[in-house]
Amino acid sequence: MAGMISKGWIALDIDGTITLDKYSVPKEVVAFLRSLHREGWNIAVATGRPLAFALMALSEFNFPYIFLAQNGSAVLEMPSKKFLFKSYIPFSSIPFIEKAYEGIDSDFLIYAGYEKGDFCYWRPQRLSKEDLHYLTNLQNRQKEKWQEVARYEGPELHSFPLVKCFGNEPRMNLVAKRLRASGQFEVAKLKDPFEEGYYLLLVTDRAVSKGSSLTQVFALKGRGERVIAAGDDENDISLLKVADITIAMAHAPESVQEIATLIAPPTKDHGIIQALQIALRHDR
């Protein structure tokens, strides 16, 4: 990408935006993005997923792109996997998360980060049978390495990129309210795209979001003439807010659609291709 005259950036969420498949992106979408890169567009992929899980879906991306993992807490150049920068939650913030769970019969997960093997730390003894069943399914579908611990402590948790909370919507609304009130975190709520009735909170350091990390990428790489961004859930709002032309998927919540320039056709119909084609004409 260095030395290339850039038309700008196309920044995309993964789940529900470029694919409905946990483990792959349709070949038509990959081919279209590859052609845009050849035309001089920089591609950025921003996701709440850990790097290892995301790369299962992006295995056919055989062109350079910037990867914003775990809601922008770690940003890497691909395919080299070279870190551009990262911003992690400090260990000192864990008591604020514990306090947000007071009176709630559940627990949260801590992700250690790519450079530590993308481990997910969890405390199963704190969980109900229902939550254990849900997390077993989550672990299986994401093919993550989980490590059981009795307490969240030790040098491996000196800092970490992401905390994930899970549960029904009322529980997640309460936890999110408490976390935001602490002033320590950026919190994004989204529906679990693979498990009906469950919601997730993606919790990062207060200075971290998809949008803020993409802005840092612009400072390092240049912004170009135009930025186009697409997403389908609340953790994509910050991404859309730093773009010139914004795309919301057809199934996105109202909070996302109301700030979008364009509403894309359904993801199952490769709607991102059609929406980007319109956005590119709009760019001219």
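Me: Hi! How far apart are the mean positions of the positive and negative charges of the chain?
Reply: The mean positions of the 34 positive and 35 negative charges are 3 Å apart. Lys and Arg count as positive, Asp and Glu as negative, with His and the chain ends not counted; the place of a charge is NZ of Lys, CZ of Arg, CG of Asp or CD of Glu.

Me: And what kind of model is this?
Reply: A predicted one, where local features need pLDDT of at least 70 and side-chain atom pairs count only at pLDDT 80 or more, while totals for chains, interfaces and linings use all residues. Residues are numbered from 1 along each chain as its sequence is written, and side-chain values use heavy atoms, leaving out hydrogens and water.

Me: Switching to Thr 47, is that residue buried or exposed?
Reply: Thr 47 is buried, at a relative accessible area of 1% (buried means under 20%, exposed over 50%, partly exposed in between, with a 1.4 Å probe and protein chains only).

Me: Which residues does Thr 47 touch?
Reply: Leaving aside residues up to four places away in sequence, Thr 47 touches several, among them Asp 13, Phe 67, Gly 72 and Lys 210. Contact here means heavy atoms within 4.5 Å.

Me: What does its side chain reach at 3.0 Å?
Reply: The Thr 47 side chain reaches the backbone nitrogen of Arg 49.

Me: How about Gly 117, how far is that from Thr 47 in space?
Reply: They are 18 Å apart, C-alpha to C-alpha, and 70 residues apart in sequence.

Me: Back to the whole chain, what does its C-alpha trace span?
Reply: About 55 × 35 × 35 Å along the principal axes. Of the 284 residues, 55% count as buried.

Key
Polar contact = N/O pair within 3.5 Å; in protein donor to acceptor, adjacent residues only side chain to side chain.
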